[in-house]
Amino acid sequence: MTLFPPKIMLLGSGELGKEIGIAAQRLGCNVIACDRYTNAPAMQIADKAEVLDMTDPNNLKDVIRKHKPTVVVPEIEALAVDALIELEKEGVKIIPTARATAITMNRDKIRDLASKELGIKTAQFAYASNPNQLYIEAESLGFPVIIKPVMSSSGKGQTLVHRQEDLPKAWEYAMKGARGSSEKVIIEEFLKFELEITLLTIKQKNGNTLFCKPIGHEQSEGDYQCSWQPATLTDKQLEDAKSMAKIITDNLGGEGLFGVEFFICQGEVIFSELSPRPHDTGLVTIISQNFNEFELHLRAILGLPIPEIINTKPAASRVILAKSNCSKVCYKGVEKALSESNSKLLLFGKPNAKKGRRMGVALAVDELIKDACEKADKLANFIEVMEDK
Ligand SMILES: Nc1ncnc2c1ncn2[C@@H]1O[C@H](COP(=O)(O)OP(=O)(O)O)[C@@H](O)[C@H]1O
Ligand SMILES: [Mg+2]
């Protein structure tokens, strides 16, 4: 049993960490927010903040040992995972497990686990550690192919390649976009999918694995642009997705909410990747569910009960992006956006912006998915991210 208030340490203090922090604060928890820069979104609502390089094992160990949190909750991928593995052996609780954070940080590790070990259907894939190998593997898979650094997120270093001649450029781009020093790429068959979804999967310590209604989403420029819930799947597709999500999350172990990504391609469900933490496309659950994905994550990691997850109406989210670099941001159009019925606006409170950075999200519910999507789009369009002169 968790004695309240527990101490929650967030590794990563972006908009998703902020929402976990808000859920935790509502239950009177003690929140320590860590990130590489000051005044990050989750720090604004936390009891304490720590600024550090979380890819440095000694820095990470020091900060965790200093605060002795009840649970360490990773919000980002780029962490010194070996330090987390070491701390876990000393009895520190890492969510969901240190091994899960290590496996999902590398595209090759999670892909090998899903496809080779667990026999889960994925796109065809191969790896390459130099341009020559890339050439051979891409030829053998057949064009078009997607090339991604094994360590990267938010579409960084990814290219869709249609012709052999474009491979050297894709290799260079992958090396530039890779996190860390790994010179390895994954080459994937390009799937012409009908739909991509996130299945939020909640693994509990003392209870069944729960699922939220599937979330459909669209990606471009390496990031999610809009999401909606529920996504329309056949009963068979939903059962297949749930069964794959259960197999993988059971293997990864621990407890918490996972964002399991699938493609629906020619009617078939194909596993893509997963986050062992709340997923950005799941921001829609702030308006669509009685417990949003952050509250569900918190309950699962603290071993608290999760009664029925209830969805009210079809819902949608649309991201609000910065159109230019801003050293200090301000927003126009807030009054207009807030005048929409059955909607919410989240501004993340990021202190500055780069072109394309996600600064907020518009959320809406309506009778039909189509109308919820249109409303969220309209609301997002009202907001202008500007330099605060
Ligand atoms: N094999 C593929 N076929 C078609 N589209 C893909 C494939 N792999 C990735 N994508 C597209 O690129 C997006 C980002 O890829 P993903 O592997 O999820 O990387 P990230 O870690 O950056 O989210 C996906 O959501 C999907 O839209
Ligand atoms: Mg993804």
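Which residues does Ile264 touch, not counting residues up to four places away in sequence? The first view answers this, and the others tour further parts of this predicted model.

**View 1. Ile264 and its surroundings.** Setting aside residues up to four places away in sequence, Ile264 touches Phe193, Glu194, Leu195, Ile197, Leu233, Gln237 and Val269. Ile264 is buried, with 23 other C-beta atoms within 10 Å; the cut-off for calling a residue buried is 20 or more. Look for Leu191 as well: Leu191 and Ile264 are 73 residues apart in sequence, yet their C-alpha atoms are 9.3 Å apart in space.

**View 2. An open sheet of 4 parallel strands.** Follow the strands across the sheet and you will meet them in the order S3-S2-S1-S4, with parallel pairing. Strand S3 (48-51) and strand S4 (71-74) stand at the edges with a single partner strand each, so one side of each has no neighbour in the sheet. From one strand to the next, the twist averages 20 degrees.

**View 3. Strand S1, strand S4 and a helix on the sheet.** Here we zoom in on strand S1 (residues 7-11), which pairs with S4 in the parallel sense over 4 bridges. Within this pairing, Leu10 stands opposite Val73 in S4. Helix H2 (residues 57-67) packs on the sheet and touches S1, strand S2 (30-35), S3 and S4. The direction of H2 makes about 165 degrees with that of S1.

**View 4. Strand S12 and its two antiparallel partners.** Strand S12 (residues 223-229) has 5 of its 7 residues buried, so S12 is largely enclosed by the rest of the structure. One partner is strand S11 (residues 215-220), paired with S12 in the antiparallel sense over 5 bridges, and here Glu218 stands opposite Cys226. The hairpin of S11 and S12 has 2 residues between the strands, and in it Glu221 takes a positive phi near 55 degrees. Strand S15 (residues 315-321) also runs antiparallel to S12, joined to it by 4 bridges. In that pairing, Gln229 stands opposite Ala315.

**View 5. Inside the largest nonpolar core.** In soluble globular proteins, nonpolar side chains tend to be buried together. The largest nonpolar core here has 108 residues, and Leu10, Val73, Phe262, Ala362, Ala364 and Ala376 have the most contacts inside it. Take Ala362 as a guide: leaving aside neighbours within four places in sequence, the contacts of Ala362 include Ser317, Ile320, Leu345, Ala376 and Leu379.

Notes. Residues are numbered from 1 along each chain as its sequence is written. Chains are lettered from A and ligands numbered from 1 in the order in which they are written. This is a predicted model: local features need pLDDT of at least 70, side-chain atom pairs count only at pLDDT 80 or more; totals for chains, interfaces and linings use all residues. Two strands pair if DSSP finds at least two bridges between them. Axes are lines fitted to C-alpha atoms, for helices over the stretch in contact, and angles run from 0 to 180 degrees between N-to-C directions. Two residues are in contact if their C-beta atoms, placed from the backbone, lie within 7 Å. A residue is buried if 20 or more other C-beta atoms lie within 10 Å of its own, exposed if 12 or fewer, and partly exposed in between; C-beta atoms are placed from the backbone. A nonpolar core is a set of buried Ala, Val, Leu, Ile, Met, Phe, Trp, Tyr and Cys residues joined through C-beta atoms within 7 Å.
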